[in-house]
Amino acid sequence: MKVPYNWLLEYVDIEKDIREVADALTMSGSKVEEVIEYGKEIDKVVTGYVEKIEKHPNADKLRVCQVNVGEEVIQIVTGAENVQEGDTVPVALHGSTLPGGVKIKKGKLRGVDSNGMLCSEAELGIADDDSVHGIMILPKGTPIGVDIKEILGLKGGILDFEITSNRADCFGIYGIAREASATFRLPLKEIKTSFKENDENIKDYVDVEVKDDLCRRYAARVIKNVKIGPSPEWMQQRLMDAGVRPINNIVDITNYVMLELGQPMHAFDHRFINGKRIIVRRAEDGEKFTTLDGVERTLDSSMLVIADEKGAVAVAGVMGGLNSEIKDDTTIVVFECANFNGPNVRLTAKKLGLRTESSSRFEKDLDPNLVDLALDRACHLVEALEIGEVVGGKIDIYKNPVKPYTLEVDPNWINEFIGINISKEEMADMLKYLGMKVEVGEKLKIEVPTFRQDIRIKEDVAEEIARLYGYDKIPTEKIKGEAVEAALTKEQRLTNIIRNVLVSRGFFEINTYSFVSPKIFDKIRLPEDSPLRNTVKILNPLGEDFSIMRTTLIPSILETLRINYARDNKEVKIFEVAKTYHPAENMPYEPVKLSIGMIGKVDFFDLKGVIENILYVLGIDKVDYERDEENPGLHPGRCAKLIVRRKPIGYFGEVHPEVAENYEIEDRIYVAEIGLMPLFEAYKAERKYKPLPKYPAVDRDIAVLVKDEVAVAEIEDIIWKIGKEIVEEVKLFDVYKGKQVPEGMKSVAYSIIYRREDRTLTDEEVNKVHESIIKSLSEKLGAQLR
Amino acid sequence: MREQLEKIKLEALEEIKEATNSQRIDEIRVKYLGKKGSLTTILRGMGSLSPEERPIIGKLANEVREFIEEEINNALSNIKNKERELKIKGEYIDITMPGKKVEIGGIHPLNKVLDEIKDIFFGMGFSIAEGPEVELDYYNFEALNVPKNHPARDEQDTFYISENLVLRTQTSPIQVRTMEKTKPPIRIIAPGRVYRSDAVDATHSPIFYQIEGLVVDKGITMANLKGTLETFAKRFFGEKTRTKFRPHHFPFTEPSAEMDVSCFVCGGEGCRVCKGSGWIEILGCGMVHPDVLTKGGIDPEEYSGFAFGMGLDRIVMIKYGIDDIRLLYENDIRFLKQF
């Protein structure tokens with residue numbers, strides 16, 4: 001909220017620089033977001049009296065002026081045509097600065113000395129649309145040699161406050177003035193509200209009926225003999241500084257009061273109130289109404305309207321109607337000053353897409369007792385501006401008057417809670433500046449005024465004390481008390497281990513959106529009946545493409561690969577640890593998964609190796625890899641299910657060519673998705689020491705020819721089974737197809753290490769086992785020894 | 001025989017001197033000292049000497065033998081040294097050539113900074129709590145003193161799943177969830193994803209990260225809040241960091257504050273990052289509202305606490321000088337490699 005500084009000073013006598021005030025108010029709880037200083041950059045510009053003007057000897061369009069700037073008369077060359085002898089004008093002296101950082105220095109213009117510059121309104125940064133072309137001519141009698149900033153009222157500026165939702169009272173300048181008064185411990189001046197009523201009765205002009213409790217109070221006054229015209233310049237200036245456009249004197253008064261007190265008002269032209277009856281009621285569903293901005297709006301029964309006998313004349317608390325607008329020939333005005341239910345105004349404004357100065361104040365739930373003050377203030381201004389006559393009496397429908405709230409707070413508790421030590425008298429003093437009545441006994445008995453609905457409990461009072469005492473003065477202390485056990489959970493620790501394994505293998509962690517497009521399922525060829533298509537849907541998504549919560553991480557990692565590939569990043573190894581979201585009975589189920597993706601000079605076994613690394617580090621054995629032809633997103637021949645303790649916990653492999661095409665990648669893509677919880681469950685922490693071997697090993701190689709479709713796992717199974725007594729290790733070292741190997745066959749070579757723990761093996765023993773392995777391979781797999 | 005020995009000695013010496021490699025030395029050793037070597041042959045012939053001569057010649061022969069052996073050893077070690085030097089000379093490499101690397105990946109900048117922040121809070125006795133991202137309206141709003149139609153709901157544009165389910169707009173719902181599960185003393189931080197229906201631009205993302213903090217115990221004061229967060233700020237931003245607590249308003253804390261830290265880019269002088277103010281707003285905090293404690297099943301007359309929440313993305317962006325939040329969620333590998 002923009003507060004012109006001089007308006008604030010009307011209610012508190014602060015003798016401080018505007019920036020100092022901004023800082024102090026920020027630290028006491030009224031945050032100043034910006035300080036806009038008038039004429040901040042203007043320096044060494046004074047008023048000057050033009051004594052004499054002569055033609056420039058060398059230039060037709062230039063004139064040479066002798067200007068009295070107080071202490072001396074200086075010569076200035078100007079190109080302006082509007083300056084006359086005897087004018088008072090702003091003079092930028094040698095070494096002066098103008099807005100925009102322009103520096104003025106003395107020099108010669110076409111051979112004639114010029115010791116400064118006569119300024120236009122534009123050059124002083126104060127021009128508006130209607131400003132005169134040429135040099136700014138100041139009123140006759142303006143003192144000479146005085147700083148222009150003083151003459152033009154360019155001292156001070158505007159304070160722009162961020163007002164928090166709990167402080168409805170600070171949506172008016174008077175509320176800010178109260179805060180300033182408490183901050184600087186200076187008295188708050190009273191607001192002028194006196195005026196005279198004529199001897200007529202408002203009842204003869206208008207009648208009001210409130211039909212709905214959403215209107216908590218409705219008050220009105222009538223002004224007659226109104227002379228519509230522009231409001232005085234000072235008022236217009238203040239409105240503009242506060243960000244409100246001046247309209248005419250009556251409307252300006254309602255806005256002025258709103259800015260000052262935070263209470264929105266509305267003015268109706270009495271002529272257009274049909275039946276001279278104001279009815280506050282709910283709108284009818286589908287009721288049409290054209291607001292002041294000329295837009296026809298469709299209302300519904302959740303909204304409150306101000307109506308006359310024929311129809312609505314205003315949307316309560318939001319905006320008035322075009323039908324009852326103040327016109328140039330308006331002579332009788334009805335001032336409305338009411339209080340409406342905040343949340344309802346907020347909803348109405350939201351539904352209509354019409355957030356106004358008025359609605360943004362009402363939605364904070366204003367104090368109904370503000371109504372009297374505001375209405376009186378408006379009438380006072382009417383009288384002060386001499387633009388009308390206040391009709392006697394007022395209408396005021398106020399069923400349940402709000403009363404001040406009383407609470408008792410132990411000052412010792414406040415000191416303990418905040419960690420300070422100040423006297424109860426000082427606390428009472430602070431609270432009094434905020435408009436509270438305080439009785440100091442053992443406890444503080446506090447009467448909270450109705451404009452502070454936010455103060456109800458002792459903690460609220462503690463905050464008032466703390467902020468006026470100064471948060472910066474509260475000491476800093478370490479937490480005392482018993483030490484709390486702090487440790488990572490097993491899941492958090494293992495997640496870190498997995499991330500570290502992946503990083504050490506050259507993978508980069510990514511972070512992708514958790515909501516995705518429903519189109520992704522087709523893109524990854526997910527079957528129509530897949531349970532993964534059952535998603536948590538967002539009712540109000542940013543768009544279709546962000547409308548469902550992901551049930552798999554694969555599309556996200558593919559999309560990331562796509563983006564990189566399109567940018568010519570052709571070697572990419574990435575992973576993500578993130579949640580997926582699955583509908584469940586009450587709350588969705590949110591398991592954490594790991595996804596891995598890679599493109600570039602890599603193959604299936606690079607990916608499998610990484611997964612094996614992870615399993616190894618987690619101490620997980622009993623792992624099986626099953627061919628997974630059922631997974632339609634992956635290449636049927638290059639895809640595996642990861643089985644841990646007989647349960648599938650994830651899958652990995654090469655992405656199906658059609659899916660790769662869907663992601664516009666012309667390279668082979670490898671991805672994996674693994675559930676983390678099953679990994680954590682299978683995690684084996686214990687490691688046990690096994691004595692190092694005492695007896696030598698025997699190393700035998702074996703190379704066999706088998707049919708292509710025989711899996712090496714089948715060969716290894718047989719080797720282990722037959723040789724389990726003495727086989728220590730089985731290492732695959734070569735798989736070969738091509739020359740010297742018949743079509744449809746492959747050569748597989750192993751190095752088998754035999755060893756016993758209790759004694760040295762004899763050649764015979766080893767030969768016996770080795771032979772039976774070869775025999776068994778031949779019988780079971782048709783393997784031929786090479 | 002004496003002359004013969006002298007001759008052998010001189011001959012051997014001559015040959016040893018001329019030898020230039022260890023192979024030749026070996027040949028010399030065999031020639032003189034080997035089983036069929038000339039010295040050995042002479043020693044075999046000792047039997048023909050008179051008993052008087054035998055010890056004298058024997059002694060001389062041994063001296064010659066020792067002499068030759070020593071000369072051979074010396075020559076050999078010289079040659080070996082020379083050979084080694086030569087070998088070393090031929091083995092110079094260009095040590096400026098690149099090392100053989102196993103390519104190492106990297107942690108996402110958000111998590112990297114988060115890990116750092118977690119470590120600091122671990123050191124202060126905080127554990128890590130977690131909570132659901134699809135959250136009940138109750139925990140996200142109502143339990144935090146934000147009933148339906150509260151104006152604060154407008155400030156946090158919410159994604160709804162159903163009337164009662166939202167994508168959490170903040171990590172604060174973990175406060176009440178934690179209190180329901182844990183008896184004080186409580187000291188946790190809770191980092192995680194949060195969601196707001198903001199349109200995407202350089203400074204807004206509909207998904208971002210927050211870190212919540214909660215401390216509940218007997219006798220927790222606002223001075224403790226300041227002390228804890230000031231310690232965090234100094235550890236994270238540097239020992240010289242100053243902090244400023246400004247009053248603010250949050251529905252679920254009372255009193256409430258915002259904490260600024262002195263700009264860690266310019267040190268408080270004023271720069272582009274801090275918009276000339278010398279301060280950067282880092283987090284919101286306050287004493288846990290008694291209503292919130294009550295909702296968490298904790299008696300506010302017996303216990304008090306403080307809570308805080310900060311936006312991780314903003315901190316990461318300022319720390320690394322990242323000017324567009326979208327970079328954090330786009331995952332261009334050239335971006336990720338920089339951290």
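A salt bridge here means a side-chain nitrogen of Lys or Arg within 4 Å of a carboxyl oxygen of Asp or Glu. Keep that in mind as we go. And note that this is a predicted model.

Start with one pair. K31(A) and E258(B) join their side chains in a salt bridge, at 3.8 Å from N to O. That value falls within the 4 Å cut-off. Between chain A and chain B the count is 7 salt bridges.

Which parts of chain A supply the side that touches chain B? Several elements give at least two residues each, including helices α2 (18-27), α12 (458-469) and α13 (490-504), and strands β27 (508-509) and β30 (572-579). By type, that side of chain A has 34 nonpolar, 19 polar and 28 charged residues.

Now the whole interface. 81 residues of chain A are in contact with 85 residues of chain B. The buried area between the two chains is about 6,900 Å², and carbon and sulfur atoms give 57% of it. In chain A, the residues that lose the most area to chain B are I479(A), F508(A) and N511(A). Together they make up 11% of what that side buries.

Last stop: helix α1 of chain B, residues 2-18. How far apart are its end C-alpha atoms? They are 25 Å apart. Buried residues in α1(B) are L5(B), I8(B), A12(B), L13(B), E15(B) and I16(B). Their cover includes α2 (22-33), α3 (38-44) and α4 (53-89) of chain B.

Terms used. Residues numbered from 1 in each chain as written. Chains lettered and ligands numbered in written order. Predicted model: local features only at pLDDT ≥ 70, side-chain atom pairs only at ≥ 80, totals over all residues. Heavy atoms only, no water. Contact = heavy atoms within 4.5 Å. Buried area = accessible area lost by both parts, 1.4 Å probe. Helix = DSSP H or I, 4+ residues; strand = E, 2+ residues; numbered from the N terminus. Nonpolar A, V, L, I, M, F, W, Y, C, P; charged D, E, K, R; others polar. Expected span 1.5 Å × (residues − 1). Buried < 20%, exposed > 50% of the residue type's maximum accessible area, 1.4 Å probe, protein only.
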